[in-house]
Amino acid sequence: MALPKVGSIGEYIREQRQQAKISLRQLAAAAGVSNPYLSQIERGLRKPSAEILNQIAKGLHISSQALYVQAGLIEDREPPSDVITAIRADATLTGRQRQVLIDIYESFRKEKRAEDEQTSQNAHLRHDSESDDEPLPEDYLAALEPFAASTGNGTANQETKEG
């Protein structure tokens, strides 16, 4: 599902509202939020929660997943996991409870991916820095030997020859 590229979730909501020919007041009423709050979301001053996004999606009659992807709460490329399938199939939960569980689960997965990426980057950096610690060739070491004579306080001292 390819989504149009826009700068923010607010711009995306505004575009969807305008395409549906719904006024700001109508969408705010349908979503159960105040006019000023919805206006702030559209202008990028507020970042809506997953629950508010779900209400806005219902008001716009679009998929809540489209809003979640646009807001960066979930990634569009991944197929639903067995956990999400099980949550959606559980008839004992209300729609709201299912959505909250899915949102929580997805936020944990997103957090774990970020941790894994950070760990991978740190391991890559350590590997790169280890390669910088390769020993110097023997001819360089021999050329540096006169400068490496140690003094009593542990600092290097250049030896000079009197002629």
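A salt bridge here is a side-chain nitrogen of Lys or Arg within 4 Å of a carboxyl oxygen of Asp or Glu. The model is predicted. By this rule the count comes to 5 salt bridges.

E106 and R109 form a salt bridge, with N and O 3.9 Å apart. That pair counts because the cut-off is 4 Å. Both residues sit in helix α7, 3 residues apart, which is about one turn of the helix. Their surroundings can be read from accessibility. E106 has a relative accessibility of 9% and counts as buried. R109, at 22%, is partly exposed.

Salt bridges that share partners also join R14, R17 and E42 into one network. Within it, R14 pairs with E42, and their closest N and O atoms are 3.6 Å apart. This pair links distant parts of the chain: R14 belongs to helix α1 (residues 9-19) and E42 to helix α3 (residues 35-42), 28 residues apart. E42 is buried, with a relative accessible area of 4%. R14 is partly exposed at 26%.

Now return to helix α7. R96 meets E51 in a salt bridge, at 3.2 Å from N to O. R96 lies in helix α7 (residues 95-131) and E51 in helix α4 (residues 50-60), so the bridge ties together parts that are 45 residues apart in sequence. How accessible is R96, buried or exposed? R96 is exposed, with a relative accessible area of 52%. The label follows because exposed means over 50%. E51 has 36% relative accessibility and counts as partly exposed.

Terms used
Residues numbered from 1 in each chain as written. Predicted model: local features only at pLDDT ≥ 70, side-chain atom pairs only at ≥ 80, totals over all residues. Heavy atoms only, no water. Helix = DSSP H or I, 4+ residues; strand = E, 2+ residues; numbered from the N terminus. Buried < 20%, exposed > 50% of the residue type's maximum accessible area, 1.4 Å probe, protein only.
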